[in-house]
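Please look at the sequence and the 3D structure below, and then read the notes that follow, which are grouped by topic.

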Amino acid sequence: MRGEYKVPGGKLVAVEVDVTDGRLANTRLSGDFFLEPDDALEVIDRALDGLAADTPTSAIAEAVERALAEAEASGALVGPVALVGFDAWGVAVAVRRALGHATTWDDHVFEVLRPGPLPPRTLAALDQVLTEELAEGLRGPTLRFWDWDERAVFIGSFQSLANELDAEGVAKHDVTVVRRISGGGAMFMEAGNCVTFSLVVPASLVDGLSFEQSYAFLDAWVLGALASIGVEAFFSGMNDVASAAGKLAGSAQKRLAGGAVLHHMTMAYDIDSDKMLEVLRIGREKLSDKGTRSANKRVDPLRSQTGMTREAIVDAFEAYFKGQYRTVDSALRPDELDRARGLVETKFATPEWIARVP
């Protein structure tokens with residue numbers, strides 16, 4: 001069996017392995033990484049041989065690190081060990097993929113959804129519905145682009161309502177307050193001022209990755225999509241994407257029982273910073289990390305850096321994703337919308353949920 005893993009920002013790691021009586025055998029590591037000294041490659045192969053086929057990712061990585069440290073300390077290797085462009089964790093992920101415990105993008109067909117404008121709380125409820133449906137086997141992995149026609153602010157699952165929002169500003173601008181099921185920060189969203197998508201994937205796609213690693217892994221295609229419209233972007237911190245002009249986007253994530261992962265991102269297209277400052281108590285700080293300090297300016301990195309309409313940018317992102325992975329166009333089913341609307345009534349529109357952290 002063979003498994004591959006492209007380390008985000010690094011090199012390709014490949015592992016070929018047999019399984020005999022439930023244990024790894026004849027393991028061979030390869031890739032376009034750099035490794036010194038040469039015979040450290042054999043140390044890694046020997047460290048993998050004999051491990052149980054169901055060994056967790058962390059234990060595989062620990063076995064590799066321990067074997068290299070012991071070989072270096074004993075003098076069995078000439079010179080210090082240097083792994084460049086990869087690490088023991090990347091080896092472990094490749095092993096798990098070879099054994100079928102982890103999957104790759106190519107193992108899945110992604111359903112692409114562009115259902116048109118929906119109420120903000122319905123959008124949040126659909127995140128829960130589609131993620132639960134993937135875990136239940138009722139729908140495959142999905143990429144869903146958001147559209148909405150109300151002014152709203154989405155706050156993270158664990159944010160304090162009173163600390164994040166200015167009640168007078170919310171009332172003045174008729175803002176719908178929505179609490180997401182994922183963590184992260186607040187997003188001020190008027191119709192057409194952001195580009196937002198949700199990606200729902202099986203847990204096997206991020207098997208062996210920490211939360212921090214999975215952000216970069218699931219957002220890697222976004223950097224390519226931005227490059228396709230002329231924006232050179234990079235990861236900034238755990239869950240942000242930025243360009244030389246400042247912050248472009250932020251991601252949030254939620255893993256549900258049953259083996260499904262919700263990952264979504266919001267990119268600023270053309271935000272009215274005056275309104276945002278009146279609605280969000282932390283508005284000035286949010287502006288500063290977007291490279292904008294004056295309240296009289298707009299937060300418009302995608303519009304100003306591309307000169308494109310929001311619709312054209314969403315079209316470009318959809319086209320890029322379809323060019324990278326296997327996809328099929330899809331639509332929301334009536335029962336999914338009914339389920340989401342029911343969740344709005346029983347959860348997302350209730351004071352208990354909205355103010356779960358007062």
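Helices (H or I, at least four residues) and strands (E, at least two) are DSSP runs, numbered from the N terminus. This is a predicted model, in which local features need pLDDT of at least 70 and side-chain atom pairs count only at pLDDT 80 or more, while totals for chains, interfaces and linings use all residues. Residues are numbered from 1 along each chain as its sequence is written, and side-chain values use heavy atoms, with hydrogens and water left out.

**Overall form**

- The protein contains 13 helices and 18 strands, and its C-alpha trace spans about 70 × 45 × 40 Å along the principal axes.

- The protein is divided into domain 1 (2-99) and domain 2 (105-355), with bounds that come from an automatic or database domain assignment, and the centres of the two domains, taken over C-alpha atoms, are 36 Å apart.
- Seven residues of domain 1 are in contact (heavy atoms within 4.5 Å) with eight residues of domain 2.
- The two domains bury about 580 Å² between them, 51% of it on carbon and sulfur atoms, where buried area is the accessible area (1.4 Å probe) that two parts lose on being put together, summed over both.
- Of the area that domain 1 buries against domain 2, P8, W89 and R97 supply 53%, more than any other three residues.
- One salt bridge is counted between the domains, a salt bridge being a side-chain nitrogen of Lys or Arg within 4 Å of a carboxyl oxygen of Asp or Glu; R96 forms a salt bridge with D207, and their closest N and O atoms are 3.0 Å apart.
- Helix α3 (residues 88-98) gives the most to the side of domain 1 that touches domain 2, contributing four residues.

**Salt bridges in the whole structure**

- The structure holds 25 salt bridges, and in one of them the side chains of R339 and E133 meet at 3.8 Å, N to O.
- This pair links distant parts of the chain, since R339 lies in helix α12 (residues 334-348) and E133 in helix α4 (residues 120-136), 206 residues apart.

**Backbone details in loops**

- A cis peptide bond, with omega about -10°, joins E36 and P37, and P37 lies in the loop between β4 (34-36) and α1 (40-48).
- D21 is placed in the loop between β2 (12-20) and β3 (23-31), and its phi is near 50°, a positive value in a residue other than glycine.
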